[in-house]
Amino acid sequence: MSTLRRVLTGLALALFLAPALLLLFRATAPLETAALWRLADTVLPGYVATTVLLAAAAAMLALPIGVGGAWLTTFFEFPGRRLLDSALALPLVLPSYLVAIVYRELSHRFDWSPVVESPPAAAFLLALTLYPYIYMLTQASFRRQTAGYLEAGWTLGVGRWRTTWQILLPLALPAMLLGVLLVVVEVVSDFGTASALGLRTLTIAVHRAWFSQYDQALAAQLALLTALLPLLLVAAYGGLTQGRSFTTLTNRPRSPERQHLSFSLAWLAAAACSLPVLLGFAWPMLWLLAWAAEAIDRFRLRELYGDLLNTLLLGIGTAALTLLLGLFFALTARAADGPHWRLGILSVLSLTYGMPAIALAIALLFLTGWSYQTAGGAWLADTLLLVLLATTLRFTAFASFSIESGLAGVSPRLDDALRCAGRGRLHGLLRVLLPQIRGPLVIAALLVFVITSKELTLSLVLQPFGYGSLALSIFRFAEIDLYPPAALYTLSLVLVLIYPVLSLNRWLGGRP
Amino acid sequence: MLRGTALTRATRTRTILNNLSFEVPAGTTATVLGPSGSGKTTLLRLVMGLDRPDTGELRLGDQLLSSPDRHVPPQKRGMSMVFQEFTLFPNLDVEGNVAFGVKRARDAETRVDALLELLEISQLKHRRIDNLSGGEQQRVALARALAVAPRVLLMDEPFSNIDAMLRQRLFERLHSYLRANGITALVATHDHQEAFYFSDHILVLKDGRLIDHNPPRRIYEQPANAWVAEFFGDTNLLTGAELGVLAPGRPLQPAARYLVRPETIELTDPGSGAAAATVAKTVYYGAYQEVRLRLEGTGPEIRVHCTGPKTLRVGEQVGLMLRTDAAPHPINDEPAD
């Protein structure tokens with residue numbers, strides 16, 4: 001690895017590490033813990049408990065929905081299987097907080113408010129919109145590697161169930177755990193759902209410390225505390241899988257011959273796969289359509305266009321930047337002699353993604369405070385660039401891991417062959433290496449675009465002057481009970497996201 | 001007896017197996033030989049029950065295994081298969097893989113140990129699959145398929161990753177094991193040496209058609225057509241008139257074409273009464289020297305395999321004659337199906 005590449009990688013990693021260090025610095029220098037201890041004696045244990053329980057319950061609920069959906073649609077034939085295969089990914093297009101608001105309003109009509117505005121119900125609603133992460137990753141794992149193992153089991157006289165239990169599920173475990181990790185990080189980062197259902201989570205506590213109590217040190221200390229759970233899980237995931245994924249995104253997918261179920265079981269499977277789609281997508285969409293119909297004639301499209309443009313700019317910009325950085329990191333890890341650079345990159349990117357959105361946002365607010373004090377520093381704080389920086393720092397992990405997984409399937413001998421070919425490195429990269437990992441690149445771009453377009457917490461905390469996005473407007477309208485315009489904005493977001501989400505599902509399953 | 005009758009399998013764009021009929025007697029080994037894309041793997045998958053035939057039927061003894069109306073699932077056929085790409089389970093170690101299909105846990109350890117020893121991989125028993133070389137993985141896959149005591153063993157290129165010296169040893173051991181246990185075997189390969197060693201019968205496939213189905217010696221000496229002849233080794237295809245020069249007095253039809261293998265032609269001193277020829281090219285192969293000769297006049301180029309210490313040079317004059325025990329085989333150029 002060249003010295004220039006080492007220096008550039010070091011600088012890039014320092015940039016990614018900066019928010020965590022900044023947060024640590026602000027939380028401890030000077031060390032003011034009186035407010036934190038006061039909170040610890042009163043409401044903090046409740047905040048921690050609610051956050052941990054919410055994340056654990058949402059993950060535990062999303063896991064059977066996601067894995068069950070992937071298992072049924074991959075290995076069995078039943079009425080509507082093809083349609084449900086795509087439809088199961090659809091809840092990902094809706095922001096969790098809006099689904100929560102729909103069910104909250106529904107509960108008000110039927111006087112179920114105490115039931116819905118509680119941690120268990122919130123966990124259920126979050127699971128309903130976040131299970132597609134687990135569903136898509138598990139299905140990709142099943143599709144890309146397990147057809148051959150099922151057949152191998154048959155050739156040894158072993159039936160479908162035993163092979164599924166002893167081989168297929170253990171092999172898909174890293175994918176499932178990664179899905180669970182995404183769900184947990186999203187839940188801990190969530191601001192909208194907790195705010196809509198009146199829950200006291202750590203993210204809410206950090207928000208209050210900063211915006212209501214104006215206590216920067218307390219906000220930094222709480223943000224670090226909020227980051228603990230996801231970071232522990234990231235570390236546990238690394239330890240459990242030991243870097244083994246058993247599969248790469250360049251494996252050629254092959255579906256096994258699907259088993260035809262008996263009449264009653266087939267309809268049961270169809271119902272089981274339909275239920276999360278109905279509850280997580282179809283039912284909220286019906287409400288949104290009804291609300292939007294009330295507002296359509298008195299609606300000013302010009303305001304929506306601005307938010308739509310910002311959303312697209314942020315989504316596309318983040319996807320492009322994360323792809324470039326992810327490619328740089330993945331190629332550096334590939335070119336390095338030992339595992340140290342790879343481990344270093346993996347750790348720093350995981351740390352930045354594992355930090356909940358509110359922690360990253362607070363760290364960046366310190367940075368903008370500092371930038372205001374320097375000449376011309378306002379350009380960062382007052383433009384879309386600040387949010388773009390935040391989303392890029394947060395989501396580069398997706399791009400880097402996806403690309404690295406793709407490159408793992410490309411023989412290192414290809415690099416040697418390219419070096420011997422007598423053309424420049426860039427030529428080899430563009431003409432040979434990148435086309436080989438087209439799938440992982442597209443998957444990374446789509447995933448980052450989808451997550452960034454829905455992202456609320458970073459935009460809400462950082463919101464530069466005059467900046468608006470679809471997600472922000474939806475939350476602001478919904479916050480003051482203006483549901484018809486919130487619904488119209490949400491439908492616009494759905495239109496933006498529906499094709500990328502369906503494409504993401506197809507690319508992950510190897511069916512572009 | 002494993003019997004396939006008029007088996008056909010096609011995709012939308014091409015026919016992979018075309019009206020294939022064959023028989024493999026119980027306890028014998030048959031090899032399916034053919035170039036890449038000839039349908040070898042598809043035939044094995046169809047026998048295993050992983051794919052279904054579009055037409056035709058497959059029987060094992062009296063049991064109908066596959067037909068357009070009936071399909072015994074693969075796990076109930078009493079067969080096992082070694083895949084070309086091994087398909088070992090990466091989350092289990094070597095022992096776990098080999099024991100995976102063994103029904104009675106009590107037998108498992110003894111049987112696994114015996115098979116690991118047979119295939120010379122006892123030392124790998126507790127190793128993870130991703131720490132094995134290609135050849136070691138191939139042997140684990142073989143042990144796994146044998147561990148379930150199949151009635152029929154299907155092997156897709158089972159020795160392609162194993163080095164030559166070990167391969168010879170494993171051939172012998174596996175051959176004895178299959179015989180001793182009365183296992184019927186169907187082996188797909190593109191290596192005709194492997195086929196000769198292993199087989200009681202060879203099935204030659206080309207473009208999804210069975211073009212020859214005979215014991216190895218017959219396939220080599222009396223192939224169904226010129227393509228099969230060339231597929232199994234170097235050939236001289238000579239007309240009766242041309243061959244008559246090498247074997248005067250033999251009853252040959254002048255217009256017919258005959259297969260003459262290079263090792264059935266002898267070189268003699270020039271002027272010894274044999275046909276006169278000039279050396280056009282020589283290639284040294286270690287065990288023998290291939291000599292290409294031109295008969296006096298405008299005769300065809302003839303290949304001869306010479307053993308012994310003498311080195312021939314281009315332009316040298318020699319005499320040529322067909323060995324007296326050689327039986328030239330008339331060749332029909334059209335496929336025999």
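Q: Let's start with two phenylalanines: are B:F159 and B:F198 buried or exposed?
A: Keeping in mind that this is a predicted model, B:F159 is buried, and B:F198 is buried as well.

Q: How many aromatic pairs are there over all chains?
A: The count comes to 27 aromatic pairs over all chains. In one of them, the ring centres of B:F159 and B:F198 are 5.8 Å apart and the planes meet at 20°, and because an angle under 30 degrees counts as stacked, this pair is classed as stacked.

Q: And which parts of chain B does that pair tie together?
A: B:F159 belongs to the loop between β7 (152-156) and α5 (164-180) of chain B, while B:F198 is in helix α6 (residues 192-198) of chain B, so the contact ties together parts that are 39 residues apart in sequence.

Q: Which residues do ring pairs link into a cluster?
A: Ring pairs join B:F196, B:Y220, B:W227, B:F231 and B:F232 into a cluster.

Q: Changing topic, what does the UniProt annotation say about chain B?
A: The UniProt entry, which is unreviewed, carries the annotation "domain: ABC transporter" for residues 2-232 of chain B. In the model, that span is 34% helix and 26% strand, and its end C-alpha atoms lie 25 Å apart.

Q: What about the secondary structure of chain B, how many helices and strands?
A: Chain B comes to nine helices and 18 strands. Its C-alpha atoms fill a box of roughly 75 × 45 × 35 Å along the principal axes, and buried residues make up 50% of the 337 residues in the chain.

Q: How do β1 and β4 of chain B pair?
A: Strand β1 (residues 2-10) and strand β4 (residues 55-60) of chain B pair in the antiparallel sense over five bridges, with B:G4 having B:L58 of β4(B) as its bridge partner. Three bridges then join β4(B) to strand β5 (residues 63-66) of chain B, again running antiparallel, and in β5(B) the bridge partner of B:L58 is B:S66.

Q: What sits in the turn between β4(B) and β5(B)?
A: The two strands form a hairpin with two residues between them, and B:G61 in that turn has a positive phi of about 60°.

Q: In what order do the strands of the open sheet with β12 run?
A: The order is β11-β12-β18 in chain B, three strands with antiparallel pairing, and the edge strands, each pairing on one side only, are β11 (236-239) and β18 (329-330). β11(B) and β12 (residues 257-260) of chain B share four bridges, and B:T239 stands opposite B:R257 in β12(B).

Notes: Residues are numbered from 1 along each chain as its sequence is written. Chains are lettered from A and ligands numbered from 1 in the order in which they are written. This is a predicted model: local features need pLDDT of at least 70, side-chain atom pairs count only at pLDDT 80 or more; totals for chains, interfaces and linings use all residues. Side-chain values use heavy atoms; hydrogens and water are left out. Rings of Phe, Tyr and Trp (its six-membered ring) pair if their centres lie within 6.5 Å; planes under 30 degrees apart count as stacked, over 60 as edge-to-face and the rest as tilted. Buried means under 20% relative accessible area, exposed over 50%, partly exposed in between (1.4 Å probe, protein chains only). UniProt positions are given in the numbering used here, feature names are shortened, and annotations may be inferred rather than shown by experiment. Two strands pair if DSSP finds at least two bridges between them.
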